[in-house]
Amino acid sequence: MLRDILSGKSGIDPSQLAGAAGLPNDPASVAALMQQLQSALNTQGTGVDWQIALTQGQQRAATGQLTATDEQQTQLRQAFNIAALWLDDVITVAELTVEPRLMTRREWVTATMPLWTQLAEPVATSISDSLTRVFAEQVPEEMQGMVANASQLVRSIGGTLFAMQLGQVVGQLASEVVSGGDVGIPLLGEQQAALLPQNVADFGAGLDVPADQVQIYLAVREIAHARLFRHARWLRLHLTSAVTAYARGISIDSSRLEELAGSFDPSNPEDLRQAMVDGSLIQQKSESQVSALSRLETMLALVEGWVDVVTARATIRLPKADAISETVKRRRASGGPAESAFATLVGLELRPRRLREAAAMWQAVTDAVGNEARDALWSHPDLLPTSVDIDDPQRLIARLTSVARGEPELLDDVDQALEDLLRDDGAERPHEE
């Protein structure tokens, strides 16, 4: 059936196949889809060809892309310089040693795709495995001898469709983000800050705010984000490991897949398309995943909350800083269409739900103990505030202020119990000469 479709012998309209995959059904996209699927039929590999995602993303991002003018580039570089100076007054983390970049949308896709594919690969593998398993289970007994070859075709086709979807999502996301750290996770290389001039201009177009103020504010946010990940060198690996660990726990609902396979009407692929884009093929989160997601959300909230607080303090000289800040918060709370598509495609929402509470905690800590003691909390994962600290900042502040006064560190209930146990154990031991 697949060979007939791709050779033009089938009555199925290729544009319907594109629609079923959640891809654009314009002639160019349909032609690209058919070419990729034909290639997949001839591919003997077992993994997903992520070059397809990169190519799709680059092509999507290049649509409507504009190159920054010399004036825009000069203004944004000046904004980066001002941002670095202003941040020096409010944070104690190290400066960047890598020059900030100005990126086109296509360049952003190229630079960030390695991490997107790292996040998506567990889901792509699960989908391919489930497709192959369901296919093998549904094949009549007299056709079992053909299953091995056909299963490989199904796996290749499934992986190709997923890679193409991911490329479309990331390509669209390139038109929505304004910077390298806009999504919260460290998409770019270590300590690399970047702005997308075209998207920065689009961001400020609907605001009654001078363009230079928008540029400086967004540059401050981006440099703060990059400097934090340079200062806390453990943070990037810690965060990406948490994301991929969560993603590896994602599994596909085989019963839902079987239901779709049994009722699939090639002339009306809407049910299949909807299942692929609304996330209904992904099973409900397990208890371990819920726990992992809670830890991940706390970490993302701490990062974003810290960036919010230091940005507010660094941009106090900007008359319209509050208006820009509110726009950033509204935009972050709602997310864009591409971000929502990624959440349903991979089953992972990247927007922290406790951001306002985390920001309030960082502000309280700053007011109580100052910038240096606040930023020192990022020096080791064991020192980082927890969700309990977000709920009750005064508990954290009491510990920090007692340390600042040279008093013994206040222990929580668990640490105190361990300390008492060790003290009792030592007291019972005879003294050795």
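Buried means under 20% relative accessible area, exposed means over 50%, and partly exposed lies in between (1.4 Å probe, protein chains only). By that cut-off, 48% of the 433 residues of the protein chain count as buried. This is a predicted model, in which local features need pLDDT of at least 70 and side-chain atom pairs count only at pLDDT 80 or more, while totals for chains, interfaces and linings use all residues. Residues are numbered from 1 along each chain as its sequence is written, and side-chain values use heavy atoms, with hydrogens and water left out.

**Confidence**

- pLDDT is the predictor's confidence in each residue, from 0 to 100.
- The protein chain has an average pLDDT of 80. A score of at least 70 is reached by 73% of the residues.
- Strand β2 (residues 194–195) has the highest confidence, at 96. Helix α19 (residues 413–428) has the lowest, at a mean of 55.
- Where pLDDT is low, the predicted coordinates should not be read in detail.

**Overall fold**

- The protein chain holds 19 helices and two strands. Helices (H or I, at least four residues) and strands (E, at least two) are DSSP runs, numbered from the N terminus.
- Contact means heavy atoms within 4.5 Å. Among contacts in the protein chain with a separation of 6 or more, 81% come from residues 24 or more positions apart.

**Helices α9 and α10**

- Two packed helices are described by the angle between their axes and the distance between the axes.
- Helix α9 (residues 211–231) packs on helix α10 (residues 233–248) at about 100°, with the axes 4 Å apart. That makes α9 roughly perpendicular to α10.
- Axes are lines fitted to C-alpha atoms, for helices over the stretch in contact, and angles run from 0 to 180 degrees between N-to-C directions. Angles under 35 degrees count as roughly parallel, over 145 as roughly antiparallel, 65 to 115 as roughly perpendicular and the rest as oblique.
- From α9, the contact uses L228, F229, R230 and H231. From α10, it uses R233, L235, R236 and L239.
- The residues of this contact comprise four nonpolar, one polar and three charged. Ala, Val, Leu, Ile, Met, Phe, Trp, Tyr, Cys and Pro count as nonpolar, Asp, Glu, Lys and Arg as charged, and the others, Gly among them, as polar.
- α9 is mostly covered, with 18 of its 21 residues buried.
- The 21 residues of α9 should span 30 Å at 1.5 Å a residue, and its end C-alpha atoms are 30 Å apart, which agrees. The expected span of a helix is 1.5 Å times one less than its number of residues.

**Sites around T315**

- T315 sits in the loop between α13 (287–314) and α14 (321–334). T315 is buried, because its relative accessible area is 1%.
- Beyond its neighbours within four places in sequence, T315 contacts W86, Y217, V220 and A321.
- L85 belongs to helix α5 (residues 70–88). L85 is exposed, because its relative accessible area is 56%.

**Other sites**

- L173 is in helix α7 (residues 147–173). L173 counts as buried, because its relative accessibility is 3%.
- L173 and G57 are 116 residues apart in sequence, yet 9.2 Å apart in space, C-alpha to C-alpha.
- A359 lies in helix α16 (residues 355–376). A359 is buried, because its relative accessible area is 15%.
- Leaving aside neighbours within four places in sequence, A359 touches G305, D308 and V309.
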